[in-house]
Amino acid sequence: MRPNRNPHRYNQGQALSPWREALNQIIFGSETAAGRTFDLLLIVAILLSIGVVMLDSVAEIQQRYADALFRAEWAFTALFTLEYLLRLVCVRRPWLYIRSFFGIIDLLSILPAYLGLLLPGAGYMLTLRVLRLLRIFRILKLSEYLDEANVLAVALANSLRKITVFLYAVLTLVVVFGALMYVVEGPQAGFTSIPKAVYWAIVTITTVGYGDIAPKTALGQLIASAIMIMGYGIIAVPTGIYSAELINSRNNRGLDNRACRNCGAAGHDFDAAHCKYCGERIGD
């Protein structure tokens, strides 16, 4: 397994001016009272802003409180825009922060508001701000949850090739069955084209069964029955693949999730006494 790259490398480098260092500790750190207060207020603001976007989608509420919701939405957008700019100002390597996971999430949390000025409806994508709540694991020191999330991610990555092959096989089946049903049933039963028949095959083989299209002939119903039964067996395949990789990932974990007090990096060897990225002592 490749060693984990330091997720906070954008905050490494030469020391900043005193006021930027202090701002960095407040915005990116959660060890101080000011940093924890900032993070908790940010979480509250995120939750409130998501609530505003959701309420704005309710017709009755939107008609009655349109102006208040509009002002609140732009107030939160201005607040998050200012916060994003402050993060760029106080981080040591801004470009790396922009390209980082949280940097991208922070940018996506404000872009829909500005895109909404050009593309109506884009503003509702502000619900992406909910992804910013992932910071709550760091803020509340829930490192064990991050460790479990890393296990899930590793298992998913290891099973990706097998699942890709499986999906290719399923795609082949739905195309074949879709074409077959198009020939057997035809437009009079709703199978007006092969793509429409492939859509029916996907809905059927995944056991969703919307019922908007259904075979009428005995042969078509026989084929549909076979696809439905096959669907139950197919559902178990990716689950089994992922479960096996999940067990392997748990059994083969060779890294500890201790966080370095200096740079915040995790993923060290269990017997490591110093951080592999900055050399700070992590044992104790």
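Which residue forms a salt bridge with E83? Select R87: its closest N and O atoms with E83 are 2.6 Å apart. A salt bridge here is a side-chain nitrogen of Lys or Arg within 4 Å of a carboxyl oxygen of Asp or Glu. Side chains of opposite charge can pair when their charged atoms come close.

Before moving on, know that you are looking at a predicted model, where local features need pLDDT of at least 70, side-chain atom pairs count only at pLDDT 80 or more, and totals for chains, interfaces and linings use all residues. Residues are numbered from 1 along each chain as its sequence is written, and side-chain values use heavy atoms, leaving out hydrogens and water.

**Stop 1**

Keep R87 and E83 on screen: both sit in helix α4, four residues apart, about one turn of the helix. Helices (H or I, at least four residues) and strands (E, at least two) are DSSP runs, numbered from the N terminus. Shared partners join E83, R87 and D106 into one network of salt bridges. R87 and E83 are both buried, where buried means under 20% relative accessible area, exposed over 50%, and partly exposed in between (1.4 Å probe, protein chains only).

**Stop 1: E21 and R92**

Next, select E21 and R92, which form a salt bridge at 2.9 Å, N to O. This pair links distant parts of the chain, 71 residues apart: E21 is in helix α1 (residues 18-28), and R92 is in the loop between α4 (66-90) and α5 (94-99). E21 counts as buried because its relative accessibility is 17%, whereas R92, at 24%, is partly exposed.

**Stop 2: a loop glycine**

Go to G186, in the loop between α10 (160-184) and α11 (194-205). Is G186 buried or exposed? It is buried, because its relative accessible area is 7%. Show M181 and F191 too: G186 touches both, not counting residues up to four places away in sequence. Contact means heavy atoms within 4.5 Å.

**Stop 3: two annotated spans**

For 219-244, the end C-alpha atoms lie 39 Å apart, and the span is 100% helix.
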